[in-house]
Amino acid sequence: MHVRTRTSKAVIAALALGCLAAASPAAEPGDAEAQLAAAIQAAPEDRRDGARVLGWTADGKVVELRTGSNDLVCLAARPGDAQWSVACYHESLEPFMARGRELTAQGIEGQERIEIREREIAEGKLPMPREPRTLYVLHGSGFDAATGEVSDAYLRWVIYTPYATPESTGLTTRPVPGAPWLMFPGTAGAHIMINPPRPDASGQ
(Lines give C-alpha, C1' and ligand atoms only; values in the text may rest on other atoms or scores of the structure.)
Protein backbone atom coordinates (compact mmCIF):
# COMPACT_ATOMS: atom_id res chain seq x y z
CA MET A 1 0.00 0.00 0.00
CA HIS A 2 1.53 3.34 -1.02
CA VAL A 3 1.09 6.07 1.56
CA ARG A 4 1.89 9.69 0.90
CA THR A 5 3.22 11.31 4.05
CA ARG A 6 5.23 14.26 5.29
CA THR A 7 6.55 12.81 8.52
CA SER A 8 9.72 14.10 10.16
CA LYS A 9 12.72 11.97 11.05
CA ALA A 10 12.30 13.00 14.70
CA VAL A 11 8.71 11.80 14.82
CA ILE A 12 9.59 8.49 13.17
CA ALA A 13 12.42 7.93 15.65
CA ALA A 14 10.24 8.73 18.65
CA LEU A 15 7.50 6.41 17.47
CA ALA A 16 9.88 3.61 16.64
CA LEU A 17 11.07 3.44 20.25
CA GLY A 18 7.69 2.03 21.23
CA CYS A 19 8.24 -1.11 19.17
CA LEU A 20 10.77 -2.43 21.69
CA ALA A 21 8.31 -2.42 24.59
CA ALA A 22 5.10 -3.30 22.75
CA ALA A 23 3.15 -6.18 24.26
CA SER A 24 0.36 -6.51 21.70
CA PRO A 25 -0.77 -5.10 18.31
CA ALA A 26 -3.13 -2.73 20.14
CA ALA A 27 -0.29 -1.37 22.27
CA GLU A 28 2.38 -1.06 19.58
CA PRO A 29 2.87 2.51 18.33
CA GLY A 30 4.78 1.32 15.28
CA ASP A 31 6.42 3.77 12.92
CA ALA A 32 4.86 6.97 11.65
CA GLU A 33 4.00 5.60 8.20
CA ALA A 34 2.19 2.60 9.67
CA GLN A 35 0.21 4.79 12.06
CA LEU A 36 -0.72 7.13 9.24
CA ALA A 37 -1.80 4.29 6.96
CA ALA A 38 -3.95 2.83 9.73
CA ALA A 39 -5.52 6.10 10.87
CA ILE A 40 -6.93 7.07 7.49
CA GLN A 41 -8.78 3.76 7.15
CA ALA A 42 -11.64 5.28 9.14
CA ALA A 43 -12.20 8.02 6.53
CA PRO A 44 -14.22 7.72 3.32
CA GLU A 45 -11.83 6.61 0.57
CA ASP A 46 -12.19 9.83 -1.42
CA ARG A 47 -11.17 11.94 1.60
CA ARG A 48 -8.19 10.01 2.90
CA ASP A 49 -5.39 11.67 0.95
CA GLY A 50 -6.20 15.17 2.21
CA ALA A 51 -6.86 14.38 5.87
CA ARG A 52 -4.67 15.74 8.62
CA VAL A 53 -3.26 12.80 10.60
CA LEU A 54 -2.37 12.62 14.29
CA GLY A 55 -0.38 9.80 15.85
CA TRP A 56 1.21 8.81 19.14
CA THR A 57 4.72 8.74 20.53
CA ALA A 58 5.89 5.84 22.69
CA ASP A 59 5.19 7.85 25.85
CA GLY A 60 1.59 8.57 24.88
CA LYS A 61 1.85 12.08 23.45
CA VAL A 62 -0.07 13.12 20.34
CA VAL A 63 1.98 14.34 17.37
CA GLU A 64 1.03 15.51 13.90
CA LEU A 65 2.10 12.97 11.30
CA ARG A 66 0.76 14.87 8.30
CA THR A 67 -0.74 18.26 7.64
CA GLY A 68 -4.13 18.23 5.93
CA SER A 69 -5.68 19.81 2.87
CA ASN A 70 -9.34 19.03 3.59
CA ASP A 71 -11.58 19.30 6.68
CA LEU A 72 -10.89 15.88 8.21
CA VAL A 73 -8.61 14.96 11.10
CA CYS A 74 -7.65 11.29 11.58
CA LEU A 75 -6.28 9.85 14.81
CA ALA A 76 -4.19 6.67 15.01
CA ALA A 77 -4.84 3.87 17.50
CA ARG A 78 -3.67 4.78 20.99
CA PRO A 79 -0.92 2.60 22.45
CA GLY A 80 -2.12 0.55 25.38
CA ASP A 81 -5.82 0.56 24.48
CA ALA A 82 -7.52 -2.81 24.89
CA GLN A 83 -9.09 -2.53 21.43
CA TRP A 84 -7.51 -1.35 18.17
CA SER A 85 -9.46 1.72 17.10
CA VAL A 86 -8.86 4.67 14.77
CA ALA A 87 -11.07 7.65 14.08
CA CYS A 88 -11.58 10.52 11.66
CA TYR A 89 -13.69 13.59 12.34
CA HIS A 90 -14.44 17.10 11.13
CA GLU A 91 -11.65 19.53 12.00
CA SER A 92 -14.01 21.76 14.01
CA LEU A 93 -14.38 18.90 16.52
CA GLU A 94 -10.64 18.85 17.28
CA PRO A 95 -10.83 21.16 20.35
CA PHE A 96 -13.55 18.91 21.82
CA MET A 97 -11.59 15.74 21.02
CA ALA A 98 -8.28 17.18 22.21
CA ARG A 99 -9.84 18.19 25.52
CA GLY A 100 -11.19 14.67 25.91
CA ARG A 101 -7.71 13.23 25.36
CA GLU A 102 -6.28 15.68 27.87
CA LEU A 103 -8.80 14.68 30.54
CA THR A 104 -8.20 10.99 29.86
CA ALA A 105 -4.46 11.53 30.30
CA GLN A 106 -5.28 13.02 33.71
CA GLY A 107 -7.21 9.90 34.65
CA ILE A 108 -10.61 11.59 34.28
CA GLU A 109 -13.12 9.34 32.54
CA GLY A 110 -16.82 8.50 32.34
CA GLN A 111 -19.46 10.91 33.58
CA GLU A 112 -16.93 13.31 35.11
CA ARG A 113 -15.23 13.73 31.74
CA ILE A 114 -18.57 14.37 30.07
CA GLU A 115 -19.60 16.94 32.68
CA ILE A 116 -16.32 18.84 32.50
CA ARG A 117 -16.55 19.30 28.74
CA GLU A 118 -20.24 20.20 28.97
CA ARG A 119 -19.46 22.88 31.55
CA GLU A 120 -16.55 24.29 29.58
CA ILE A 121 -18.68 24.50 26.42
CA ALA A 122 -21.45 26.27 28.33
CA GLU A 123 -18.92 28.72 29.78
CA GLY A 124 -17.49 29.43 26.33
CA LYS A 125 -14.08 28.00 27.24
CA LEU A 126 -14.28 25.05 24.86
CA PRO A 127 -15.30 25.63 21.22
CA MET A 128 -17.99 23.33 19.86
CA PRO A 129 -19.65 23.66 16.44
CA ARG A 130 -23.39 24.14 16.48
CA GLU A 131 -23.95 22.55 13.06
CA PRO A 132 -23.86 18.75 12.52
CA ARG A 133 -20.34 17.31 12.33
CA THR A 134 -19.36 13.72 11.53
CA LEU A 135 -17.05 11.32 13.35
CA TYR A 136 -16.03 7.98 11.82
CA VAL A 137 -14.82 5.27 14.22
CA LEU A 138 -13.18 2.09 12.94
CA HIS A 139 -12.55 -0.84 15.30
CA GLY A 140 -10.65 -4.02 14.57
CA SER A 141 -8.27 -6.59 15.96
CA GLY A 142 -5.28 -5.08 14.16
CA PHE A 143 -3.90 -3.50 10.99
CA ASP A 144 -1.45 -4.87 8.41
CA ALA A 145 0.45 -1.90 6.99
CA ALA A 146 1.90 -4.03 4.20
CA THR A 147 -1.51 -4.95 2.78
CA GLY A 148 -3.57 -2.03 4.08
CA GLU A 149 -6.04 -4.47 5.62
CA VAL A 150 -7.85 -4.06 8.93
CA SER A 151 -8.61 -7.37 10.65
CA ASP A 152 -12.20 -7.79 11.88
CA ALA A 153 -13.08 -4.28 10.70
CA TYR A 154 -16.18 -2.63 12.15
CA LEU A 155 -17.02 0.95 11.12
CA ARG A 156 -19.61 3.09 12.89
CA TRP A 157 -20.74 6.68 12.40
CA VAL A 158 -21.38 9.45 14.90
CA ILE A 159 -22.94 12.77 13.90
CA TYR A 160 -22.55 15.45 16.56
CA THR A 161 -25.67 17.62 16.73
CA PRO A 162 -25.28 19.85 19.80
CA TYR A 163 -28.43 20.27 21.89
CA ALA A 164 -30.51 18.07 19.59
CA THR A 165 -33.52 16.34 21.16
CA PRO A 166 -35.97 13.65 20.06
CA GLU A 167 -38.43 16.46 19.38
CA SER A 168 -36.02 18.43 17.18
CA THR A 169 -34.82 15.41 15.22
CA GLY A 170 -37.61 12.83 15.36
CA LEU A 171 -35.06 10.24 16.53
CA THR A 172 -35.40 7.69 19.30
CA THR A 173 -32.96 7.67 22.22
CA ARG A 174 -32.99 3.87 22.31
CA PRO A 175 -30.05 2.07 20.63
CA VAL A 176 -31.13 0.49 17.35
CA PRO A 177 -28.51 -1.64 15.52
CA GLY A 178 -28.20 -0.46 11.95
CA ALA A 179 -30.42 2.59 12.43
CA PRO A 180 -29.77 6.12 13.72
CA TRP A 181 -30.58 7.00 17.33
CA LEU A 182 -29.83 10.00 19.53
CA MET A 183 -27.39 9.85 22.45
CA PHE A 184 -27.06 12.50 25.19
CA PRO A 185 -30.08 14.48 23.94
CA GLY A 186 -30.31 18.14 24.90
CA THR A 187 -26.61 18.45 25.70
CA ALA A 188 -23.68 20.05 23.90
CA GLY A 189 -22.39 16.56 23.21
CA ALA A 190 -25.64 15.27 21.71
CA HIS A 191 -24.93 13.00 18.77
CA ILE A 192 -26.62 10.64 16.36
CA MET A 193 -25.26 7.10 16.56
CA ILE A 194 -25.31 4.72 13.60
CA ASN A 195 -24.00 1.27 14.53
CA PRO A 196 -24.31 -1.33 11.76
CA PRO A 197 -25.07 -4.88 12.94
CA ARG A 198 -21.82 -6.68 13.69
CA PRO A 199 -20.75 -9.64 11.54
CA ASP A 200 -22.28 -12.08 14.06
CA ALA A 201 -25.61 -10.29 13.42
CA SER A 202 -26.17 -9.80 17.16
CA GLY A 203 -25.60 -6.05 17.00
CA GLN A 204 -23.70 -6.26 20.28
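Is Glu120 buried or exposed, and what is its relative accessible area? Select Glu120: the residue is buried, with a relative accessible area of 14%. Buried here means under 20% relative accessible area, exposed means over 50%, and partly exposed lies in between (1.4 Å probe, protein chains only).

This is a predicted model, in which local features need pLDDT of at least 70 and side-chain atom pairs count only at pLDDT 80 or more, while totals for chains, interfaces and linings use all residues. Residues are numbered from 1 along each chain as its sequence is written, and side-chain values use heavy atoms, with hydrogens and water left out.

**Helices H3 and H4**

Glu120 sits in helix H4 (residues 110-122) and Arg99 in helix H3 (residues 94-105), so the pair links distant parts of the chain, 21 residues apart. Helices (H or I, at least four residues) and strands (E, at least two) are DSSP runs, numbered from the N terminus. A salt bridge is a side-chain nitrogen of Lys or Arg within 4 Å of a carboxyl oxygen of Asp or Glu. Arg99 also counts as buried, at 17% relative accessibility.

**Strands E1 and E2**

Next, select Glu64 and Arg52. Their salt bridge has its closest N and O atoms 2.6 Å apart. Glu64 belongs to strand E2 (residues 62-66) and Arg52 to strand E1 (residues 52-56), so the bridge ties together parts that are twelve residues apart in sequence. Both ends are partly exposed: Glu64 has a relative accessible area of 37%, and Arg52 is at 28%.

**Glu131 and Arg133**

Move to Glu131 and Arg133, whose side chains meet in a salt bridge at 3.6 Å, N to O. Glu131 counts as partly exposed, at 45% relative accessibility. A search of the whole structure finds nine salt bridges, and those visited here are among them.

**Two loops with positive phi**

Select Asp152, in the loop between strand E7 (149-151) and strand E8 (154-160). Its phi is near 55°, a positive value in a residue other than glycine. Asp152 is exposed, with a relative accessible area of 62%.

Finish at Tyr163, in the loop between E8 and helix H5 (166-169). Phi of Tyr163 is also positive, near 70°, and this residue too is not glycine. Tyr163 is partly exposed, with a relative accessible area of 36%.
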